[in-house]
Amino acid sequence: MIIYCEEEISSIRKSNQIVAKILAELKRIIAPGIQTKELDEFAEARVREMNAIPAFKGYRGYPATLCTSINEEIVHGIPSSRRLREGDIISLDFGVLYEGYYGDAAVTYPVGEITPKAEKLVKAAEETFFRGLEQMKPGKRISDISHAIQSYTESQGFSVIRAFVGHGIGLSLHEEPQVPNFGSPGRGPKLKSGMVLAIEPMIAMGDWDVEILDDNWTAITRDRSLSAHYEHTVAITEEGAEILSLLEVEKKRAPYLKENRYA
Ligand code: MF3
Ligand code: CO
């Protein structure tokens, strides 16, 4: 488990701000009719313009810059000629390498008008991340984050996907420790100032069982229920947690973000 100094954390912040900027740009071009590979091409072009490198492309043979996961697809959906349709939800998972440090974040966006139930799922994925974030203080343990995420998600009538975990990040895309999105509190390593973790709840409307498609990447819910993903890279400091992959403007626009969630 790596403890990063302030200077290294500012480097990790830089890569994550590139991720955040491009995810925000993608939000503006998402609309019915666009192909997921067009989103991928846009993201790759923007990453390279910013002198960064797509972190997922080539990672264990993954073929693209973005993971684009639609509806019952949970994660690792491969961009293709498939076109988004009104009422879809699309999860974008995205990582970059910039000046030696990694950034990683994911969001789920609606395509046009979506059903109230889908809307509730998307909001719950985001909110459950923040429930996990509240636990990210020196002295707490990894599974305190896991427990908070599971409790909130289930309180909303949704389930937490168990097959994928959050992770340390910085000099590598995936570092120790693993951060499950479920479990009882008070277990696992103690959180320390200087740890940098990507927290990434994936939740489903139905059951948490997963199936992998024949492309050997795309994970879908076995019951084909809708799934949403929300991820940020977070640094633990003496003052609390800082979301490295959130743009300043997003902090101001998210009405439920209390100051003390950063303090
Ligand atoms: N979902 C993974 C994460 O956020 C990203 C997988 S990278 C891939 O850690 F290249 F395997 F897609
Ligand atoms: Co991640």
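Some ground rules. The model is predicted, so local features need pLDDT of at least 70 and side-chain atom pairs count only at pLDDT 80 or more, while totals for chains, interfaces and linings use all residues. Residues are numbered from 1 along each chain as its sequence is written, chains are lettered from A and ligands numbered from 1 in the order in which they are written, and side-chain values use heavy atoms, with hydrogens and water left out.

Let's start with the metal. Which residues are the protein donors of the cobalt ion, ligand 2? They are D104 through OD, H167 through NE2, E200 through OE and E231 through OE. They lie 2.1 to 2.2 Å from the ion. A donor here is an N, O or S atom within 2.8 Å of the metal, or 3.2 Å for Na, K and Ca. Water is not among the atoms, so sites may look incomplete.

Along the chain, the donors of this cobalt ion follow the spacing D-x62-H-x32-E-x30-E. D104 sits in strand β5, residues 101–110, and H167 in strand β7, residues 166–168. That pair is 63 residues apart and links distant parts of the chain. Are D104 and H167 buried or exposed? Both are buried. Buried means under 20% relative accessible area, exposed means over 50%, and partly exposed is in between, with a 1.4 Å probe and protein chains only.

Now the geometry. The cobalt ion, ligand 2, has six donor atoms, with angles of 56 to 175 degrees among them. The site is irregular. For reference, four donors count as tetrahedral if all angles lie between 85 and 135 degrees. Four count as square planar and six as octahedral if opposite donors are over 155 degrees apart and all others between 65 and 115; anything else is irregular. Ideal angles are 109.5 degrees for four tetrahedral donors, and 90 or 180 degrees for six octahedral ones.

Next, the five-stranded sheet. It is open, with the order β8-β7-β9-β14-β15 and antiparallel pairing. Two strands pair if DSSP finds at least two bridges between them. The edge strands are β8, 175–179, and β15, 240–243; each pairs on one side only. Neighbouring strands are turned by 25 degrees against each other on average, direction ignored. Axes are lines fitted to C-alpha atoms, for helices over the stretch in contact, and angles run from 0 to 180 degrees between N-to-C directions.

Look at β14, residues 232–237. Four bridges join β14 to β15, and four join β9 to β14. On the β15 side, V234 stands opposite I243, and A235 opposite E242. β14 and β15 form a hairpin with two residues between them. Five of the six residues of β14 are buried, so this strand is largely enclosed by the rest of the structure.

What lies across this part of the sheet? Helix α1, residues 6–29, lies across β9, β14 and β15, running at about 160 degrees to β14. Contact means heavy atoms within 4.5 Å. α1 has 24 residues and reaches 35 Å from its first C-alpha to its last, close to the 34 Å expected at 1.5 Å a residue. The expected span is 1.5 Å times one less than the number of residues. Among the buried residues of α1 are I9, I12, I18, L23 and L26.

There is a three-stranded sheet too. The order is β6-β10-β13, open and antiparallel. Its edges are β6, 159–160, and β13, 227–229. Two bridges join β6 to β10, residues 202–204, and V160 stands opposite I203.

Last, some backbone details. E176 and P177 are joined by a cis peptide bond, omega about -5 degrees. P177 is in strand β8. R60 has a positive phi of about 50 degrees although it is not a glycine. R60 lies in the loop between β1 and β2, and counts as exposed because its relative accessibility is 70%. E99 has a positive phi near 45 degrees. E99 sits in the loop between β4 and β5, and at 57% relative accessibility E99 counts as exposed.
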